[in-house]
Amino acid sequence: MPNPSVPHCYLKARVLVLAVSAASLLGLSAGAARAQPGPAEIGKQVPGFEIDALQDSERTITPSDFEGRYVLLNLWATWCAPCIEKLPALREARRRYSPERLAILNVSFDRSRPKATAFLEKREMPGRHAHASGGLMGEFGDKFARMPTESGSGKVRGLPNMTLIGPKGKVADIAAGESADLLEMLSERLGR
C-alpha cells in the first residue's frame with residue numbers, strides 16, 4: 001500500500017531516476033539497446049561498444065557519439081606494417097569527406113598506450129583515437145577485428161581492418177586485410 005505522506009509523482013520520479021541510473025551503470029543507452037550483440041555484419045546494426053579514448057582513459061567513446069554520420073572504424077597497431085601503409089589513404093579520405101559527413105575513429109590494438117600515443121605524435125592520423133585494452137582477443141576485437149577466412153567462418157581476428165557504419169547505425173561495409181582498398185570502399189558508399 002502506498003504511503004499517503006509521499007506524493008505519487010515523487011515516487012514515479014524516484015523510480016525513473018533509479019531506472020536511468022541502473023541503465024547507465026550497466027552501460028546501456030537507447031542506441032545500445034538496439035545494437036547487435038555479436039560481431040559486426042554488413043547490413044546489421046553496429047554492435048554496441050564503449051571504448052576508452054587513447055589519450056584520456058577516463059573518457060569513453062560510444063556509437064551514439066557519431067549519430068547521423070558515416071563512421072569509419074580504423075583498427076590498427078604500431079606493429080602492423082599494413083596498417084601504417086594505409087595512412088596516406090586515411091589522410092586522403094579526410095581530405096575528400098568532411099568530419100560532418102564522415103567521422104573517423106582509429107582504434108589502437110597496441111598493448112602499450114604510450115607507444116601508440118608516441119607514434120601519433122610523429123605521424124598524422126586524422127580522426128579521434130581510442131584504445132582496445134583487450135587487444136585482438138578482447139571484446140572490441142571480437143566484435144570488429146574479424147577477418148574473412150578461406151572457409152568463410154570469419155573466426156580469425158586480424159589487422160588492418162576497417163568497418164564503415166552508416167548514418168542510421170548499420171554496418172555498411174567491412175574491408176579487412178592488406179589488400180583492402182579504403183578509398184574504393186568509401187567512394188562506393190559516399191560518392192566522390
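In this predicted model, the buried residues of helix H7 are covered by elements that include S3, H4, S4, S8 and S9. Helix H7 spans residues 182-190. Its buried residues are Leu182, Leu183, Met185, Leu186 and Leu190. They cover an arc of only 160° around the axis, so they fall on the same side of H7. This spacing fits helix geometry. An α-helix has 3.6 residues a turn, so residues three or four places apart point the same way.

Both ends of H7 carry a local feature. At the start, a side-chain oxygen of Asp181 comes to within 3.2 Å of the backbone nitrogen of Leu183. After the helix comes Gly191, with a positive phi near 80°.

Leu87, Leu90, Glu92, Ala93 and Arg94 of H4 are buried. The buried residues of H4 pack against S3, helix H3 (81-85), S4, H5 and H7. Helix H5 (residues 113-122) also lies on the strands.

The pairing around S3 and S4 shows both senses. Strand S3 (residues 70-76) pairs with strand S8 (residues 161-165) in the antiparallel sense, over five bridges. Leu73 faces Thr163 of S8 there. S3 and S4 instead pair in the parallel sense, over seven bridges. On this side, Leu105 in S4 is the bridge partner of Leu73. S4 and S5 are parallel too, with four bridges. Asn106 stands opposite His129 of S5.

How many residues of S4 are buried? Seven of its seven residues are. Both faces of the strand are covered. One side carries Leu102, Ile104, Asn106 and Ser108. The other carries Ala103, Leu105 and Val107.

Asp173 is placed in strand S9. Its relative accessible area is 14%, under the 20% cut-off, so Asp173 counts as buried. Beyond its neighbours within four places in sequence, Asp173 contacts Ile42, Met162, Thr163, Leu164, Met185, Glu188 and Arg189. Thr163 is the residue that stands opposite Leu73. Met185 is one of the buried residues of H7.

Five aromatic pairs are counted. The ring centres of Phe49 and Phe140 lie 5.4 Å apart with planes at 90°, so this pair is edge-to-face. Phe49 sits in the loop between helix H2 (30-34) and S1, whereas Phe140 belongs to helix H6 (residues 139-144), so the pair ties together parts 91 residues apart in sequence. Phe49 is buried at a relative accessible area of 10%. Phe140 is buried as well, at 8%.

Phe140 also pairs with Phe109. This pair is tilted, at 6.3 Å centre to centre and 45° between the planes. Phe109 lies in the loop between S4 and H5, so its pairing with Phe140 of helix H6 joins parts 31 residues apart in sequence. Phe109 is buried, as is Phe140. Together, Phe49, Phe109, Phe140 and Phe144 make up one aromatic cluster.

Gly138 is placed between S5 and H6. Is Gly138 buried or exposed? At 14% relative accessibility, Gly138 counts as buried. Its C-alpha atom is separated by 9.7 Å from that of Phe109, 29 residues away along the chain.

Notes: Residues are numbered from 1 along each chain as its sequence is written. This is a predicted model: local features need pLDDT of at least 70, side-chain atom pairs count only at pLDDT 80 or more; totals for chains, interfaces and linings use all residues. Side-chain values use heavy atoms; hydrogens and water are left out. Two strands pair if DSSP finds at least two bridges between them. Helices (H or I, at least four residues) and strands (E, at least two) are DSSP runs, numbered from the N terminus. Rings of Phe, Tyr and Trp (its six-membered ring) pair if their centres lie within 6.5 Å; planes under 30 degrees apart count as stacked, over 60 as edge-to-face and the rest as tilted. Buried means under 20% relative accessible area, exposed over 50%, partly exposed in between (1.4 Å probe, protein chains only). The arc is that of the directions from the helix axis to the C-beta atoms. Contact means heavy atoms within 4.5 Å. A polar contact is a pair of N or O atoms within 3.5 Å; within protein, one must be able to donate a hydrogen and the other to accept it, and residues adjacent in sequence count only if both atoms are side-chain atoms.
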